[in-house]
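User: I'd like to learn how to read a structure like this one. Could you walk me through it feature by feature?

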Amino acid sequence: MQAQTSPVLSLRGIVKTFPGVRALDGVQMDLYPGQVTALVGENGAGKSTIVKILTGIYQPDEGKIEVDGVETRFPTAQAAGQAGVTAIHQETVLFDELSVAENIFIGHAPRNRFGLIDRRAMRTRAREILRGIGADLNPGVKLRDLGIASKHLVAIARALSIDARVVIMDEPTAALSHKEIAELYELVEKLKAQGKAILFISHKFDEIFRIADRWTVFRDGQFVGEGLMAETNEADLVRMMVGRSVDQIYPKRPARIGKPALTVAGYCHPTEFDEISFTLHEGEILGFYGLVGAGRSEVMQSLFGITQPSKGACRMGGDVRVIRSTSQAVDAGIVYVPEDRGRQGTVKGLPIFQNVTLPSLDRTSRAGFLRMAEEFALAREYTRRLDLRAASLDQDVGLLSGGNQQKVVIAKWLATKPRVIILDEPTKGIDIGSKATVHDFMSELAAEGLAVIMVSSEIPEVLGMSDRVIVMREGRIAAEFEGDAMTPENLVRAAVGITGSENGAAA
Amino acid sequence: MNLLKSREAILALAILGLLALIASRFPGFVAPANLAAVFTDSSPLILLALGQMAVILTKCIDLSVAANLALCGMVAALMNGAGIPLPLILIAVIALGAALGAFNGMLVWTLGIPSIVVTLGTMTIYRGVIFLLTGGAWINAHQMSPAFKAFPRTVIAGLPVMAWIAIAIIAAVALLMMRTPLGRAFYAVGGNPHAAVYTGISVGRTQFAAFVLAGALAGLTGYLWVARYAVAYVDIAGGFELDVVAACVIGGIAIAGGAGTVAGCVMGALFLGIIKNALPVVGISPFWQMAISGAAILIAIAFNAQSQRAPGRIILKRAEHRT
């Protein structure tokens, strides 16, 4: 390994904060020519933020970027491109209605002597570049007519056409088939041979060990370590990814697990998930862990009737049924507190009490007319239980903080007196104080005999609150853990798809 | 809420200011009898604006209301010509208007076509149907029965029936908006369609209901219009749909849906009604009338945009916070 070469691009002490969140806290990274560096980290470790900084979309608050040892800034995406940094995104940003050649050369098309775009030169060069990466594509075809894998190739060709020195691949294999992944690996080898520095972001350990030369681990926006792939193993990387101190006490009370409240049998969806089967008991908190995009929310949405499973059924109490609409779900006693509160949770412009009573209007109205007094009583009862901080229940819900909005959404669903409550990332993006309230309350609900499903990407939360954890990976249930088997290592292992369990019980 | 309340207060002040301005030139305008006449004259606009408000609240728009009005008015005149009694005619036009609205609503709901496209199409179709029914012929005052023409003008307790109908409908729509699950659904669907779906409210069905309401009110207004002006032909109330939308916008009904009140909507219609009635009296040319109406609409939109800016920033901060 030619570890002696100096890096093309170095990041030192990069800090990036968003209101309330320190997304990156003094991270560093080095990318070497002709080598693939894998960036590894959990959800929220700061991987996408660093990509955005490298491509000039975000500006770091502190720290420096060095190209060939010279300090530079990337004030715009163009500046990053000119410095030779290019990214191939998860969802490739290209133009569907333009041809392959136009996509490759947009922004830097070859000109003829009149200053007009030289279409012939553009096509010829596009064909050369595509041939160079082994892509058999017609440069005249519109991008719309290509598959995802071919679009990736076009994006890579574009990266090469601007003579990139640093190529960032952000989960490039997420949407590819096995054969296409193999082709991508070959391509990566070609790029390496051309001396490009590659930053490879992936959750899949088999990929990382297959193609990366170096690794860098981030955790919670901080740099944890870096080194050569040859000198590490999976267990070490997983340990570095999750090795945090659990600095929070979870108010989980031992609940009496009752009889099954919801049994899901063989739920399938053509594109999102497959063969999902599990049983949820009264008084139980069932955690759903997985990487972002593992299909957890999609499963929950189908249980709630927003999408319909193509196969499978669920049983609540005695009766087998398939939930076909959200109102059926609410009638059956299933409620869902969505992850995206702003989009899916609250109705801004309506006051708090009206948000709370929205799904319970049948109960608060008589003969088709709403009774305000009833509405207020219902809203007061549930917002008080959740310790909602608001000047008045008549206040516009949009003026509340994120944590308090979350409480309104939860209050709204509890007011329907459900038997099963699904909480999707219940504490994402809310402050510590509100988190504690939500956790407390979750525990209380379970103690009252409610069956709770908690979808969460935060390992401490999953481990701290759940009686049992189901781990999903790529639309399937990868593993289920209970009791002592619920360790950070086991969860991550199952989520990223490392097979074989080497003494997983050690925490 | 305070914001909305203050918006209505500002609109009320604007109306008073407008009246004061007119009174300074022409004191007779603000005599109670004349104001009652202005209100009566604005009644069709108020009725249609209330229906349009429901549609706009759900993030849609209904451009076919004036055509619906014209078709229902013509049908009312034809039924009267056939000797059908007035109560039956009233029921029939409301049902027909609701059906025409339902047609719009079905297209929006089941086919998911944007409402502006749907109603742009149906507005031409509805006018076309009038032509098919009559071959382009007019129905004039002498072809209508006296009872048919007299009903909206009959004075009860100092106000004509037409004004009483407007008052009753204002009250009914206010009740619907504030005190029924459907009214709440209008606001929820427009305010956040995603959240509404998660709550078990069907966005499409709610929009459908709004179109039916707008259609039924247009149908009723069709009869009132034809009876009051004692004439029915293909082009009555041509372009009136724009006045209706303008009344809603001036009244603070957010064009993006989910916000607005019945009081605001009624005042928006009255504001336009006063301008239309007063300017000729004050002696301003019709061209200026259009310019002044247009300016009022722009000012109202600018005002709405201004008051919506602050919450926008908060949302942005929160979105950043999440990433």
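User: Which strands of chain A does helix α6 lie across?

Analyst: Some ground rules to start. This is a predicted model, where local features need pLDDT of at least 70, side-chain atom pairs count only at pLDDT 80 or more, and totals for chains, interfaces and linings use all residues. Residues are numbered from 1 along each chain as its sequence is written, with chains lettered from A and ligands numbered from 1 in the order in which they are written. Helices (H or I, at least four residues) and strands (E, at least two) are DSSP runs, numbered from the N terminus. Contact means that the C-beta atoms of two residues, placed from the backbone, lie within 7 Å. Angles run from 0 to 180 degrees between N-to-C directions, using axes fitted to C-alpha atoms, for helices over the stretch in contact. Now your helix: α6 (residues 178–193) of chain A lies across β3 (36–40), β7 and β8 of chain A, running at about 150° to β8(A).

User: What is the strand order in the open sheet of chain A?

Analyst: The general idea is that strands of a sheet pair through backbone hydrogen bonds, either parallel or antiparallel. Here, two strands pair if DSSP finds at least two bridges between them. The six strands of this open sheet run in the order β6-β7-β8-β3-β9-β10 (chain A), with mixed pairing. Its edges are β6 (85–88) and β10 (222–228) of chain A, each of which pairs on one side only. From one strand to the next, the twist averages 20°. Helix α5 (residues 148–161) of chain A packs on the sheet too, touching β6 and β7 of chain A, and its direction makes about 180° with that of β6(A).

User: How many bridges join β7 to β8 in chain A?

Analyst: Five: they link β7 (residues 166–170) and β8 (residues 197–201) of chain A, which run parallel. To pick out one pair, A:M169 has A:F200 in β8(A) as its bridge partner.

User: Is strand β19 of chain A mostly covered or uncovered?

Analyst: Burial here is a neighbour count: a residue is buried if 20 or more other C-beta atoms lie within 10 Å of its own, exposed if 12 or fewer, and partly exposed in between, with C-beta atoms placed from the backbone. Strand β19 (residues 420–424) of chain A is mostly covered, with five of its five residues buried. A:V420, A:I422 and A:D424 point one way, A:I421 and A:L423 the other. Strand β16 (residues 334–337) of chain A pairs with β19(A) in the parallel sense over four bridges, and A:Y336 stands opposite A:I422. Five bridges join β19(A) to β20 (residues 451–455) of chain A, also running parallel, and there A:I422 stands opposite A:I453.

User: Why does A:A447 count as partly exposed?

Analyst: Because it has 14 other C-beta atoms within 10 Å. A:A447 lies in helix α16 (residues 432–447) of chain A. Leaving aside neighbours within four places in sequence, A:A447 is in contact with A:R253 and A:A255.

User: What does the secondary structure of chain B come to?

Analyst: Chain B has 13 helices and two strands. Its radius of gyration, taken over C-alpha atoms, is 20 Å, close to the 20 Å that the globule rule (2.2 Å times the number of residues to the power 0.38) gives for 323 residues, so chain B is as compact as a globular protein of that length. Of those 323 residues, 47% count as buried.
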